[in-house]
Amino acid sequence: MCGVALNFFYSALIVFFQYLFDYANTFSLLRWLMGGISVAGYHEVILLGSLLLLFLLAIILFKKEFLLLTAGEHFAQSRGLPVKHFRIAAFLGLTFFVGAVVSICGPIGFVALIVPHISRLWGKNRYGQTVAFTVLMGGGFLLLADWLARTLVAPADIPVGIVTSLFGAPFFLALILSQLKKAE
């Protein structure tokens, strides 16, 4: 219910801003809200590529800490990891990275939901393999979605966020249903 309430609140804010903007700004806002990679030029690619390298470096440098957390909070604490501080730092770092990507491309939904789950299956919960699969599959999934967005209704170019949501929403529902069946 909280998600529904937040969705209505933020939808109202979006519609409010659309009402205030002129036509050109409203169209630009709508395109950004649907998410797309067609707005990225070389400057944005260099910026996001640099951030990706920093993000991957952090994942490599803090491999031990992430592995300790996957074993459980109490286990990680017993091995000397300040769990609360590490989670906050990891959350802030990830928020910064995701915020930078969203500020340029808009919200491209479900990539971060679909890809890690499949990567964990293929990586067999091995940290290095899972990270590699996630990076490669995330880019591959986004390229496939972009190709579909550009070719499904050619010559029109639909935002890639629409395509990823069309794949992601059924995947998310199937994931929830499988978790509910396991809980029974």
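1. Threonine 164 has its place in helix α9 (residues 160-183). Helices here are DSSP runs of H or I with at least four residues, strands are runs of E with at least two, and both are numbered from the N terminus. The model is predicted: local features need pLDDT of at least 70, side-chain atom pairs count only at pLDDT 80 or more, and totals for chains, interfaces and linings use all residues. Residues are numbered from 1 along each chain as its sequence is written, and side-chain values use heavy atoms, with hydrogens and water left out.

2. Threonine 164 counts as buried because its relative accessibility is 0% (buried is under 20% relative accessible area, exposed over 50%, partly exposed in between, with a 1.4 Å probe and protein chains only). A polar atom of the threonine 164 side chain lies 2.9 Å from the backbone oxygen of glycine 109. Leaving aside neighbours within four places in sequence, threonine 164 is in contact (heavy atoms within 4.5 Å) with Ile108, Gly109, Phe110, Val111, Phe141, Leu142 and Ala145.

3. Aspartate 146 is found in helix α8 (residues 127-151). With a relative accessible area of 12%, aspartate 146 is buried. Its contacts, leaving aside neighbours within four places in sequence, are with Ile37 and Val160.

4. On the chain as a whole, there are 9 helices and 0 strands. The C-alpha atoms fill a box of roughly 60 × 45 × 30 Å along the principal axes. Of the 184 residues in the chain, 23% are buried. Among contacts with a separation of 6 or more, 58% come from residues 24 or more positions apart.

5. A search of the whole structure finds 9 aromatic pairs. Rings of Phe, Tyr and Trp (its six-membered ring) pair if their centres lie within 6.5 Å; planes under 30 degrees apart count as stacked, over 60 as edge-to-face and the rest as tilted. One of the pairs is phenylalanine 55 with phenylalanine 97, stacked because the ring centres are 4.7 Å apart and the planes are at 10 degrees. Phenylalanine 55 lies in helix α3 (residues 42-61) and phenylalanine 97 in helix α6 (residues 83-105), so this pair ties together parts 42 residues apart in sequence. Phenylalanine 55 is partly exposed at 26% relative accessibility, whereas phenylalanine 97 is buried at 15%.

6. Tryptophan 122 and phenylalanine 133 have ring centres 6.1 Å apart and planes at 85 degrees, so the pair is edge-to-face. The pair links distant parts of the chain, with tryptophan 122 in helix α7 (residues 111-123) and phenylalanine 133 in helix α8, 11 residues apart. Tryptophan 122 counts as exposed at 54% relative accessibility; phenylalanine 133 is partly exposed at 29%. Elsewhere, Phe16, Phe17 and Phe21 form one aromatic cluster.

7. The second largest pocket holds about 310 Å³ of space. On a 1 Å grid over the protein atoms alone, a pocket is an open set of points where a 1.4 Å probe fits, with protein on both sides within 12 Å along at least five of seven lines; lining residues have an atom within 4 Å of a point. Grid points are joined across faces, edges and corners, and a volume is the space filled by probe spheres set on the points.

8. The lining of the second largest pocket consists of Gly3, Leu6, Asn7, Tyr10, Ser11, Ile14, Leu33 and Pro107. Helix α1 (residues 2-20) gives the most to this lining, with 6 residues.

Notes:
A polar contact is a pair of N or O atoms within 3.5 Å; within protein, one must be able to donate a hydrogen and the other to accept it, and residues adjacent in sequence count only if both atoms are side-chain atoms.
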